[in-house]
Amino acid sequence: MKAAPEDTGQVSLQKRFGLRAKILLLLAAMCIPIIGGIVYISINTLSTTINEDFEERATLAAQFFSADTNSKEEISYEHFQSEIEKLDELNPDIHKISVYAPQDGEIIRIASTDRGQIGEVADPEDYAPLETNQATHAESEKDGRKVIEAVAPLTVDGKPMATIGIYMYLEPRDALISDQQTKFLFIGGLGVVALLVLLYLSLNFYMVKPVARLARLTQAVARGDFGQRVTINSRDELGELGRSVNRMTESLEVQSQEILGKVDELEQVNQNLQSREQELQLTNKQLETANRLKSQFLATMSHELRTPLNSIIGFSELLEDETYGNLNPKQVQYVGNIVVSSRHLLQLINDILDLAKVESGTIEVRPVPMLLPDAMAVVQNIVEPLAAKKSIRLSIEPDPGVELVTADPARVKQILYNLLS
C-alpha cells in the first residue's frame, strides 16, 4: 500500500512529459547550440569585416594622398592641409586626420584636422609604416570616445616618405555591429523555431503517431479486444514493429477464439454434470425410498412370521416334553429337530429385523466361549432332512485341535446354515 503514491507520481510524471515533449526538448538541446554557434561565428565574422573595412578606408586615403604626391617636396602642410579638411568634412565618422613626416631628424605632425597639434612629435605607432611600409590599425579612446586609428604609408616612387593616420569614431561601427547582431539573433531564433517545428512535425508524423497507435493497440489488447490492427506505412523499424504487433494480435485472436470454444465446451460439460448430478440426486431419493419401504416390509413380514413361529415352537416344546402322551424315540428326535429348527428360524427372523442395524453399522456381536462341534451338530440336524431329499449325506469331522472358541453362537450357526444351504 505504501508504494501506491510513488507509482501514481511516476504515472503523473510520464503524462506530464510525454514523448512529444521529450523529443522537443531533445531537439532544442541539439539545435540551440548549433544555431547559437553559427550566429556567434557570423557575428565575429561581421565584426572582423567591419574592422577591416575601417582599416581599408585608411589605406585608401593613404593611397589617395600617395597618388596625389609626386615628389618629396610636395610632402608639406600646404599640400595636405586642404585635402585633409575636405576629407574630414565628407566623412563625419572621421575624428581626426594627421600626416607625419621626417623633419630635422624627427617624425613630426605636419598637417592635421586639429591645427593646434601641428608640429608635435609623432608617437612610434604613427610612423611605424615608415619602417615597415605596411598599414596598421589599433583601437583606443580619445576625448572619452572609442576610436580606431588606421595608419598607412605615403610613398613616392615606391618609397615611404610619410604616414597618414586616420582616427575614426567607433560608435557607428558598434551600432552597426549591434544592429547586425540583433538581426542575426532574430534570424537565428527564427531559424531555431522553424527547424524545431519542422523536426517536431516530422518526428511527430514518422515516430510519435505510430508509437501512439501502437500504444492504443496494446491497450485494446489488454482490454481483450483482439480485433484491432495498427497501420504504419513505413519500411523502417517502426513499420516492422507494427507488422509484428499485428501478427501477434492475430495470433492472440485465434487463441482467444480457441479458448472461448473450450470455455463453451466446459460450460456444456458443466451443464451435463449438473444434469447428471440432478439425476443422481433423484436416483438417490428413489433408493432411499425403496430402502425405507424394504425396511418397512422386512419389519412387517418379520413380525407376521414370528407370531405363528412362536406358536410352532410352543406346541413343539409341549410335544417334546410329552405333556399329552408318550412318544417313541423316533418321534422324540423329530420333535426335537422341529424345536431346534424353529428356534433357529426365529433367530433368523430376529436377524432380519437387525438388518437395518447392519446397514447403519450398529449391529452388535456378543462373543462368548462356545463348543464349535456342538454348533456344527445342531446345524447338521437342521439341514440333514433337506440333504436327505437330494440324496446327500452329511457327516461332521471336527478338528480335534479346535473345539472351544470365542464367538457369537447365533452368528456362527447362521454362517454354517447359509454355507450348507
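1. V99 is buried, with a relative accessible area of 0%. The model is predicted, and this value is computed from it. V99 belongs to strand β1, which covers residues 94-103.

2. The surroundings of V99 can be listed. Leaving out residues up to four places away in sequence, V99 touches F80, I84, I108, R109, I110, A111, L154, A162, T163 and I164. A further pairing is that of V99 with G165: the two are 66 residues apart in sequence, while their C-alpha atoms are 6.3 Å apart in space.

3. T249 sits in helix α6, residues 237-320. T249 has a relative accessible area of 0%, so T249 is buried, a term used for values under 20%. Apart from neighbours within four places in sequence, T249 is in contact with L217, V221, F226, Q228 and R229.

4. Next, a pair of helices. Two packed helices are described by the angle between their axes and the distance between the axes. For helix α9 (residues 372-389) and helix α10 (residues 409-420), the axes come within 10 Å and cross at roughly 45°. The angle of roughly 45° is why α9 is called oblique to α10. The crossing of α9 and α10 is right-handed.

5. The residues behind this contact are as follows. On the α9 side they are L372, A375, M376, V378, V379, I382 and V383; on the α10 side they are V412, K413, L416, Y417 and L420. By class, the contact of α9 with α10 has 11 nonpolar residues, no polar ones and one charged.

Technical notes: Residues are numbered from 1 along each chain as its sequence is written. This is a predicted model: local features need pLDDT of at least 70, side-chain atom pairs count only at pLDDT 80 or more; totals for chains, interfaces and linings use all residues. Side-chain values use heavy atoms; hydrogens and water are left out. Axes are lines fitted to C-alpha atoms, for helices over the stretch in contact, and angles run from 0 to 180 degrees between N-to-C directions. Helices (H or I, at least four residues) and strands (E, at least two) are DSSP runs, numbered from the N terminus. Angles under 35 degrees count as roughly parallel, over 145 as roughly antiparallel, 65 to 115 as roughly perpendicular and the rest as oblique. A crossing is left-handed if the near helix is turned anticlockwise from the far one by less than a right angle, and right-handed if clockwise. Contact means heavy atoms within 4.5 Å. Ala, Val, Leu, Ile, Met, Phe, Trp, Tyr, Cys and Pro count as nonpolar, Asp, Glu, Lys and Arg as charged, and the others, Gly among them, as polar. Buried means under 20% relative accessible area, exposed over 50%, partly exposed in between (1.4 Å probe, protein chains only).
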